[in-house]
Amino acid sequence: MTANTPDTVAVGIDIGGTGIKGAIVDVTTGELLTDRKKLPTPEGGEPDAIAKTVLDLVDSLGEIPASASVGVCFPAVVRSGVTMSAANVSKKWIGFEAEKLFEKTLGRDITFVNDADAAGFGEVRYGAAKGRGGLVIVTTLGTGIGTALIYDGVLIPNAELGHLEIEGVDYETKAAYSAKEREDLSWKKWTARLQKYYSTVEKLLSPDLFIVGGGVSKHYDEFLPQLDLQTEIVPATLRNNAGILGSACLSTIRATVLKDILQ
Ligand code: BGC
C-alpha cells in the first residue's frame, strides 16, 4: 500500500434520534464486513450517554484493524468537529465539541460529519448515484429532511435544505415522513407537499439528479412516479447502510488527505 492509497477497511457509525448503527466496511467495494449492529439512542440524547453507546457499539463489532479509520455521522450541522444544531437530540449538542468527545471516548481519531452528508456521499460512491457527475442532491425523508449536495463527486457539507422556508414555514415540519405519520396524511396529500418541496429545490439549484432516501424510500412507488419535475428523481438504494458506508468512506478520504499533508 502506498502513502496515497487509503486503507480499504474502515468503521462507519450512524447516530440517529432513535438508533445508533455501525459496521466495519470495505470501502473499495462498499460491502459490510461485519453484521450491522444497532443500539437504541439513549433517552434524552445527551452527549455523554450517546458517546458511551457509540463505544459499546464499536466494542461489539469485534477486532478492528489498527489501520482502519473511523467515520461517525450525526443529525446536526457539523463545522470543524463542533455540532451547531440539534435535531431530535439534546439541545446540549448546540455549540458542542462533539468530535473531541467521541475521540476521547473511543481513544482514536475519527472523522465526524452530518448524517445526510454521509448518507448522500454513500449513495454517490456505492448506490443510486454511483458514477454520476453534475449536481446530485440526496434527500432523506425521516424524522426531519436531511439533504446532501454532491457536485462531480465532491461533497459540499451542511446544506440543510430540509429547513427551506416555504409558505412561511420550515418545510421539514410539513414534508418529512414524520409529518405524514403525525398528521396521518394519505400518500396523495403527502405527495402534494413533496411536490412543493422538490419544485422549490429544483428552481433554486437546478440539480442533475435527486435521490430520495430514508426508510420511506422503500415505498417509493407510492409517491415518486406522481411527482412532476424536470429533474430525474430516483430512490436511494443503500437504505439503512447509507450513513454507515458514507461515513466510513469519508474517513478514509480524510486519512489519505492527512497522510499527504503530513508527509
Ligand atoms: C437536521 C439535519 C439532519 C436531518 C436528518 C434535520 O432536521 O437539521 O442536520 O441531517 O434532520 O437527520
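My cut-off for a disulfide is a pair of cysteine sulfur atoms within 2.5 Å. I counted zero disulfides in the structure. Looking from the other end, I found cysteine 73 in no disulfide, with cysteine 249 holding the nearest cysteine sulfur.

A note on what I'm working with: this is a predicted model, so I take local features only at pLDDT of at least 70 and side-chain atom pairs only at pLDDT 80 or more, while totals for chains, interfaces and linings use all residues. Residues are numbered from 1 along each chain as its sequence is written, and side-chain values use heavy atoms, with hydrogens and water left out.

Next I asked myself: are the two cysteines buried or exposed? Cysteine 73 is buried at 0% relative accessibility, and cysteine 249 is buried too, at 2%. For these labels, buried means under 20% relative accessible area, exposed means over 50%, and partly exposed is in between (1.4 Å probe, protein chains only).

Then the ligand. I listed the residues around it (a heavy atom within 4 Å); among them are Pro75, Ala87, Ile145, Gly146, His163 and Glu172. For asparagine 114, a side-chain N or O atom is 3.0 Å from an oxygen of the ligand. Taken alone the ligand exposes 310 Å², and the protein buries 92% of that. Areas are Shrake-Rupley with a 1.4 Å probe; for residues, only the protein chains shown count as cover.

I went through backbone angles next. Most residues other than glycine have a negative phi. Asparagine 158, not a glycine, has a positive phi of about 60°, and I placed it in the loop between β11 (154-156) and β12 (165-166). Arginine 239 has a positive phi of about 45°; it lies in the loop between β15 (232-235) and α7 and is partly exposed at 42% relative accessibility. Helices (H or I, at least four residues) and strands (E, at least two) are DSSP runs, numbered from the N terminus.

Last stop was helix α7 (residues 242-262), where I found isoleucine 261. Isoleucine 261 is exposed, at 60% relative accessible area.

Key:
A polar contact is a pair of N or O atoms within 3.5 Å; within protein, one must be able to donate a hydrogen and the other to accept it, and residues adjacent in sequence count only if both atoms are side-chain atoms.
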